[in-house]
Amino acid sequence: MTPPPIATVRVGVIAKAGIKTEPVAGWLVCLEGPDRGRDYRLHMEKNFIGRASNMDVVLDGDSTVSREKHAVVIFDPRKKIFWAVPGEASGLVYLNGDIVNSPVQMKADDILEVGQTKLALIPFCGDRYSWTKEEAPPAEG
């Protein structure tokens, strides 16, 4: 008896008209908290963290995180540096156990604490990779 044929499914990405895909700058990976094991994609410039669905990093499983702008992770494409910034909410933010009161530079494997959630920074852009266009060398003359 011959087994029935296996159906194949083609998987693709459908781009919505007028929506631009932003290149990845790095990731936050949840090490502790309700969303343990989940990863969050970071893009260039400001990445807002909160529970609301309109945030860039949505920590909807952690009720101790403010809905909007609990914290911000910034990637500066000019200097190729990540920054941790406190948000507009009343909740505190910690980087490697120290409170974040003003912008603090982040490095690979730094731990950002927001509510009960601990997130590790996994950078992509930096010295090795970049999405910015390199300037052409000056013309000799």
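Is Gln-116 buried or exposed in this structure? With a relative accessible area of 52%, Gln-116 is exposed, because exposed means over 50% relative accessible area, buried means under 20%, and partly exposed lies in between, with a 1.4 Å probe and protein chains only. The model is a predicted one, in which local features need pLDDT of at least 70 and side-chain atom pairs count only at pLDDT 80 or more, while totals for chains, interfaces and linings use all residues. Residues are numbered from 1 along each chain as its sequence is written, and side-chain values use heavy atoms, with hydrogens and water left out.

**Around Gln-116**

Gln-116 belongs to the loop between β10 (111-114) and β11, where strands (E, at least two residues) are DSSP runs numbered from the N terminus. If its neighbours within four places in sequence are set aside, Gln-116 is in contact with Glu-32, Gly-33, Asp-62 and Thr-64, contact being heavy atoms within 4.5 Å. Val-65 is 51 residues away from Gln-116 along the chain, yet the C-alpha atoms of the two are separated by 7.6 Å.

**Strands and their pairing**

An open sheet of 6 strands, with antiparallel pairing, has the order β2-β1-β11-β10-β7-β8; two strands pair if DSSP finds at least two bridges between them. β2 and β8 (98-99) stand at the edges with a single partner strand each, so one side of each is left without a neighbour in the sheet.

| Strand pair | Bridges | Residues standing opposite |
|---|---|---|
| β10 and β11 | 4 bridges | Glu-113 and Lys-118 |
| β3 (45-50) and β5 | 5 bridges | Asn-47 and Val-73 |
| β5 and β6 | 6 bridges | Phe-75 and Phe-82 |

β5 and β6 also form a hairpin with 4 residues between them, and Lys-80 in the turn has a positive phi of about 60°.

**Aromatic rings**

The structure holds 2 aromatic pairs, for which the rings of Phe, Tyr and Trp (its six-membered ring) must have centres within 6.5 Å, with planes under 30 degrees apart counted as stacked, over 60 as edge-to-face and the rest as tilted. Trp-27 and Phe-124 have ring centres 6.1 Å apart and planes at 75°, so this pair is edge-to-face. Because Trp-27 lies in strand β1 (residues 24-32) and Phe-124 in the segment after β11 (117-123), the pair ties together parts that are 97 residues apart in sequence. Trp-27 counts as partly exposed at 27% relative accessibility, and Phe-124 counts as partly exposed at 27%. Phe-75 and Phe-82 form a tilted pair, with 4.7 Å from centre to centre and 50° between the planes; Phe-75 is buried at 2% relative accessibility, and Phe-82 is buried at 4%.

A charge also sits over a ring, which requires NZ of Lys or CZ of Arg within 6 Å of the ring centre and within 35 degrees of the ring normal: Lys-69 lies over the face of Phe-48, at 5.1 Å from the ring centre.

**The nonpolar core**

In soluble globular proteins, nonpolar side chains tend to be buried together. A nonpolar core is a set of buried Ala, Val, Leu, Ile, Met, Phe, Trp, Tyr and Cys residues joined through side-chain atoms within 4.5 Å. The largest nonpolar core here has 24 residues, of which Leu-28, Ile-49 and Leu-112 touch the most other members. Among the elements that give two or more residues to this core are β1, β2 (39-43), β5 (71-76), β6 (81-86) and β7 (93-95). Leaving aside its neighbours within four places in sequence, Leu-112 has contacts that include Ile-49, Val-73, Ala-84, Met-106 and Leu-119.
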